[in-house]
Amino acid sequence: MPDRRLRRWLGRLTLLLVAFAAWPAQAAVTISFWSRDFGNSFPHAFFMLRGTPDAGGASVNAAYGFTARSVTPAILFGNVAGRVERPKPGYMADSHVRFSRTLTDAQYGAIVALIRDWDERTGDATYNLNKRNCVTFVREAARRSGLAIVDFPKLMKKPSGYLRAVIAAQPQAVTIVERTGKDYLTTLPSIDGVVPVDAPVSTPGKRE
């Protein structure tokens, strides 16, 4: 009887060792989607990239959003200058993380390309409150992350409502987080990550 138990235990141990041996050597990049609806600035949506590409190389740790360069009445009447920004840590702590996804290297590359495409130095940074705002920027990131259902026209000026609609449409395709930024950030291990695309660090909706 003891020999049978020992063999069973050794068999389970072998399976565990095989599983760990098959575990990827590099942790993939994860994208998390954030929103903020209230506070001293206007509603905003943004995303964070964190982790290491499966192919190796430098780890990444950076958040990006898209906003108007100046918040003036002009944004109510059409196109104005916009820019990609990296939100300050304090702003992120007071925001909410809605969901995350693990990216393939190709998806990660596509999202980095998106950042460059909307950056004022390397692409088109036109901001339009109704047609090309922070939510449309995040929508394109969600699409490039591999999500199939990302179009919710009535929610394109409602960051949290939009992200929750994305979750509801395909809960099996995302990792639901629904935590404050402050709580979520405390769960993340320390990482010495690079910023894949340089962008100004600022508080969306404010110019200091």
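## Exercises on a predicted chain

The chain has an accessible surface of about 11200 Å², and 57% of this area belongs to carbon and sulfur atoms; the areas come from the Shrake-Rupley method with a 1.4 Å probe, and for residues only the protein chains shown count as cover. The model is predicted, so local features need pLDDT of at least 70 and side-chain atom pairs count only at pLDDT 80 or more, whereas totals for chains, interfaces and linings use all residues. Residues are numbered from 1 along each chain as its sequence is written, and side-chain values use heavy atoms, with hydrogens and water left out.

**Exercise 1.** State how confident the predictor is in the chain, and examine residues 13-26.

*Solution.* Step 1: the mean pLDDT (the predictor's confidence in each residue, from 0 to 100) is 88, and 83% of the residues reach 70 or more. Step 2: over residues 13-26 the pLDDT is below 50, and this stretch has 4 contacts (heavy atoms within 4.5 Å) beyond near neighbours in sequence.

**Exercise 2.** Describe the largest nonpolar core and the surroundings of F137.

*Solution.* Step 1: a nonpolar core is a set of buried Ala, Val, Leu, Ile, Met, Phe, Trp, Tyr and Cys residues joined through side-chain atoms within 4.5 Å. Buried means under 20% relative accessible area, exposed over 50%, and partly exposed in between (1.4 Å probe, protein chains only). Step 2: the largest core has 42 residues, of which F33, F47, L49, Y64 and F137 touch the most other members. Step 3: the elements giving two or more residues to this core include strand 1 (30-36), strand 2 (44-51) and helix 4 (134-144); helices (H or I, at least four residues) and strands (E, at least two) are DSSP runs, numbered from the N terminus. Step 4: leaving aside residues up to four places away in sequence, F137 touches F47, Y64, G65, F66, V84, L114, I115 and W118.
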